Amino acid sequence: MNTATTSSTVVNEQGPALVGGDESPILSVKNLSVRFQDNIAVNDVSFDVSPREVLAIVGESGSGKSVTSLAIMRLVELSSSGKVTDGTMKFVRASGDIVDLRTAPETQMRTIRGNDISMIFQEPLTSLNPVYSVGNQLAEVLRVHKGMSRREAKKGVIELMERVRIPEPTRRARQYPHQMSGGMRQRVVIAMALACQPRILIADEPTTALDVTIQAQILALLRELKNDLDAGIIFITHDMGVVAEIADRVLVMRKSEAIETGPVEEIFHNPQRPYTRKLLSAVPKLGSMNGTDSPALFHLDREEAS
Ligand SMILES: Nc1ncnc2c1ncn2[C@@H]1O[C@H](COP(=O)(O)OP(=O)(O)OP(=O)(O)O)[C@@H](O)[C@H]1O
Ligand SMILES: [Mg+2]
């Protein structure tokens, strides 16, 4: 289903559908190609993301997962050799307006980044400022994005921290990022993303650096939040155990190309490509990564699987 390419499309704001992917996409990427000089980083990749749907993008290192998300944020060109050479990325704003993220004016992209589309990364410290307390940083986001007064923001910070289950929020709000554990810091970053109420959340390996118990908590939190926000999530990971926990649909990337896509159950139970089977071989069945000490990383023989 792809109705997001016509300007009459209005995303169902009430959205009673329980399963992601059953309604009009918020984001529809078609034939995306990205190059860094002569190196093709992404080649002819297409996918949709709907409200309350988690699309997992999986594939070995260097397959083009992160570059795909940078293209959505229109950050590829920050690197002087980077260029989106083909494709469209139609995004439906809360107003119902449809913009192509490839061609939208930069001023519009500035409001879309952070507001409409938020990103969280593997290392939460990249998103946090070391010289301000986490409470101050959250308050700043609430003031800028929600127009709150200082007083309202102070209260809002505690509510946000409670929502992402940070214990003792009043005390924690005074802490600096380096005084927190990795899992707590990632909660702060999720709280920041939440404050912006994005329509799309891009999470690039957000749990890879965390131990398994904390990973599970963060995944549960993300699942809860996508339903609260009606947001779509693009979840980039190496770990098929994590995919089993969180994804509704899966896009498998290999050497810059999308080689297989489908609902998570189909990808796990009836993978079509040898490469996908190989990715899954470390995780023979749903949930089998639960309770293990570390995420399964892909170690692929590039010539063997295809
Ligand atoms: N700034 C850049 N300049 C030049 N080439 C780049 C740049 N960023 C990415 N690439 C190249 O684009 C390709 C895709 O990289 P990308 O970062 O998307 O891989 P990935 O799938 O996210 O890998 P990983 O799992 O290791 O994060 C790689 O060949 C990479 O070397
Ligand atoms: Mg990456």
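Mentor: An axis here is a line fitted to C-alpha atoms, for a helix over the stretch in contact, and the angle between two axes runs from 0 to 180 degrees between N-to-C directions. Helices are DSSP runs of H or I with at least four residues, strands are runs of E with at least two, and both are numbered from the N terminus. The model is predicted, with local features needing pLDDT of at least 70, side-chain atom pairs counting only at pLDDT 80 or more, and totals for chains, interfaces and linings using all residues. Residues are numbered from 1 along each chain as its sequence is written, chains are lettered from A and ligands numbered from 1 in the order in which they are written, and side-chain values use heavy atoms, with hydrogens and water left out.

Start with helix α6 (residues 182–195) and helix α7 (residues 212–229), whose axes come within 11 Å and cross at roughly 10 degrees. An angle under 35 degrees counts as roughly parallel, over 145 as roughly antiparallel, 65 to 115 as roughly perpendicular, and the rest as oblique. On that scale α6 and α7 are therefore roughly parallel to each other. Contact means heavy atoms within 4.5 Å. The α6 side of this contact consists of Gly-183, Gln-186, Arg-187, Ile-190 and Leu-194, and the α7 side of Ile-214, Gln-217, Ile-218, Leu-221, Leu-222, Leu-225 and Leu-229. By class the residues of the α6 and α7 contact are eight nonpolar, three polar and one charged. Ala, Val, Leu, Ile, Met, Phe, Trp, Tyr, Cys and Pro count as nonpolar, Asp, Glu, Lys and Arg as charged, and the others, Gly among them, as polar.

Helix α6 also packs with helix α3 (residues 134–146): their axes come within 9 Å and cross at roughly 15 degrees. This pair, too, is therefore roughly parallel. The crossing of α3 and α6 is right-handed, a term for a near helix turned clockwise from the far one by less than a right angle, while anticlockwise makes it left-handed. From α3 come Val-134, Gln-137, Leu-138, Val-141, Leu-142 and Lys-146, and from α6 come Val-188, Ala-191, Met-192 and Ala-195. Eight nonpolar residues, one polar and one charged make up the contact of α3 with α6.

Now follow α3 to another partner, helix α4 (residues 150–163). The axes of α3 and α4 come within 8 Å and cross at roughly 115 degrees, and the two helices are therefore roughly perpendicular. This crossing is right-handed. Here α3 uses Val-134, Gly-135, Leu-138, Ala-139, Leu-142 and Arg-143, and α4 uses Arg-150, Ala-153, Gly-156, Val-157, Leu-160 and Met-161. The contact of α3 with α4 has eight nonpolar, two polar and two charged residues.

With 57% relative accessibility, Val-131 counts as exposed; exposed means over 50% relative accessible area, buried under 20%, and partly exposed in between, with a 1.4 Å probe and protein chains only. Val-131 lies 47 residues from His-178 in sequence and 9.6 Å from it in space, C-alpha to C-alpha.

Elsewhere, helix α1 (residues 65–72) is mostly covered, with six of its eight residues buried. Those are Lys-65, Val-67, Thr-68, Ser-69, Ala-71 and Ile-72. Arg-74, in the loop between α1 and β4 (82–92), has a positive phi of about 55 degrees without being a glycine. Arg-74 counts as buried at 17% relative accessibility.

In helix α9 (residues 264–269), Ile-267 is buried at a relative accessible area of 2%. Leaving out residues up to four places away in sequence, Ile-267 touches Val-250, Glu-260, Thr-261, Gly-262, Thr-276 and Leu-280. Val-250 is 17 residues from Ile-267 along the chain, with 7.1 Å between their C-alpha atoms.

For the whole protein, the secondary structure comes to 10 helices and 10 strands. Of its 306 residues, 51% count as buried. Among contacts between residues at least 6 apart in sequence, 67% join residues at least 24 apart.
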